[in-house]
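Here are some exercises to work through with the model open beside you. Try each task before reading its solution.

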Amino acid sequence: MVESICRVCGLDEDDERWSRSGGAQYVICSCCGAESGVDDLDLKWVRDYRSKWIAAGCAWFSPEERPADWELDRQMGGLPAAWR
Ligand SMILES: [Zn+2]
């Protein structure tokens, strides 16, 4: 299955972060800045990265991409159960 949802923050940018065959595409998330294949290799890494990002105030990596009505909880609601 192609993964387009960020494992850390749940943002779906339609970019292919992980290919159908499970290959990392090294896409940097516009929201949390995590790079697929680097910061999201397993659940522990994902949770560690997420904790640090949230503790630092959830700043967008690319602030110009941030929707005016953005809400972390709503976005994280789209996270696959395996990455919560
Ligand atoms: Zn993200």
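A nonpolar core is a set of buried Ala, Val, Leu, Ile, Met, Phe, Trp, Tyr and Cys residues joined through side-chain atoms within 4.5 Å. Buried means under 20% relative accessible area, exposed over 50%, partly exposed in between (1.4 Å probe, protein chains only). This is a predicted model: local features need pLDDT of at least 70, side-chain atom pairs count only at pLDDT 80 or more, and totals for chains, interfaces and linings use all residues. Residues are numbered from 1 along each chain as its sequence is written, and side-chain values use heavy atoms, without hydrogens and water.

**Exercise 1.** Find the residues with the most contacts inside the largest nonpolar core.

*Solution.* The core has 17 residues, and Cys9, Cys29, Cys31, Cys32, Trp53 and Trp70 have the most contacts inside it. Next, look for elements giving two or more residues to this core: they are helix H1 (43-55) and helix H2 (72-76). Helices here are DSSP runs (H or I, at least four residues), numbered from the N terminus.

**Exercise 2.** Work out the geometry around the zinc ion.

*Solution.* Start with the donors (N, O and S atoms within 2.8 Å of the metal, 3.2 Å for Na, K and Ca; water is not among the atoms, so sites may look incomplete). Cys6, Cys9, Cys29 and Cys32 each coordinate zinc through SG, at 2.3 Å. Their spacing along the chain is C-x2-C-x19-C-x2-C. The donor angles are 103 to 115 degrees, so the arrangement is tetrahedral (four donors, all angles between 85 and 135 degrees).

**Exercise 3.** Is Cys9 buried or exposed?

*Solution.* Cys9 counts as buried because its relative accessibility is 0%.

Key: Tetrahedral: all angles 85-135°; square planar, octahedral: opposite > 155°, others 65-115°.
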